[in-house]
Amino acid sequence: SADSMAERHFRAAWIPFANGFTQLVTYCFVSYLVLYIKDLLVLEIELANRDGLTKLLNRRAFLELGEAEVDRSRRYGHSIAVVFFDLDDFKRLNDTRGHKVGDQALQAVATALRNELRSTDHVARLGGDEFAVLLPELNFGAAKDAGDKITRAVDRAMKKFPPVSVSVGISWYEAAENEFSTMLASADALMYEIKREGKHGVRITRNSKLTN
């Protein structure tokens, strides 16, 4: 121990060992507290960024992440696609079968999206029955395929929750030149076009050059 190294003398031989043991216990306890507090901070940040029901990204975290991806797209000239969709007739499901079943439907959508999309894609529940997906570095054809994949995955998940279906809008950009919130609004507008025309489907638009 430090006492032995300093050649300190004690009346009892056990005192240096007791001091050493005390120092070791104190070190271990402080190390545990540091790790515990670090884990709590990580958990707090995770909870702040996640939707409580589905564990997907929440709106705030998705918008922040989207702005970062837009900056990256501008810097390197990467393509980017933004998907916006909601569940058709979800209110009917809630009204006829109850909010507990509605919550189960939302969780089923989240599971379907996690299983189908790439690890580099970012999925969020924006609120209610509205969801969004950010697809970085996909060409136009691949973005369209991703939209079809999302539609099929959600349709399969909703077979247990009739009459719910899905309407999907996708805005694809050769390279982002606008704010992310504007890009998300564009995908939202495409989704509402499908709603007005009878619901359930996918619509995608190609944006090769944007101006603010």
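Helix H7 (residues 180-196) lies across strands E1, E2, E3, E4 and E5. Helices (H or I, at least four residues) and strands (E, at least two) are DSSP runs, numbered from the N terminus. The helix runs at about 140° to E4. Axes here are lines fitted to C-alpha atoms, for helices over the stretch in contact, and angles run from 0 to 180 degrees between N-to-C directions. Contact means heavy atoms within 4.5 Å.

This is a predicted model: local features need pLDDT of at least 70, side-chain atom pairs count only at pLDDT 80 or more, and totals for chains, interfaces and linings use all residues. Residues are numbered from 1 along each chain as its sequence is written, and side-chain values use heavy atoms, with hydrogens and water left out.

Now look at the sheet. Five strands form an open sheet in the order E2-E3-E1-E4-E5, with mixed pairing. Two strands pair if DSSP finds at least two bridges between them. The edge strands are E2 (122-127) and E5 (201-207), and each pairs on one side only. On average, neighbouring strands of this sheet are turned by 15° against each other, direction ignored. Helix H6 (residues 140-157) also packs on the sheet. H6 touches E1 (80-88), E3 (130-136), E4 and E5, and its direction makes about 165° with that of E4.

Strands of a sheet pair through backbone hydrogen bonds, either parallel or antiparallel. E4 (residues 165-173) and E5 pair in the parallel sense over seven bridges. Ser 171 has Thr 205 in E5 as its bridge partner. E2 and E3 run antiparallel, joined by five bridges. Gly 127 has Glu 130 in E3 as its bridge partner. The hairpin of E2 and E3 has two residues between the strands, and there Gly 128 takes a positive phi near 55°.

A cavity is a set of points, on a 1 Å grid over the protein atoms alone, where a 1.4 Å probe fits but cannot get out. The count comes to one cavity of 30 Å³ or more. The largest cavity has a volume of about 40 Å³, where volume is the space filled by probe spheres set on the points. Lining residues have an atom within 4 Å of a point. Among them are Glu 69, Arg 72 and His 78. Helix H3 (residues 59-76) gives the largest share of this lining, three residues.

Methods: 1 Å grid on protein atoms, 1.4 Å probe; cavity = no way out; pocket = protein on both sides within 12 Å on 5 of 7 lines; lining within 4 Å.
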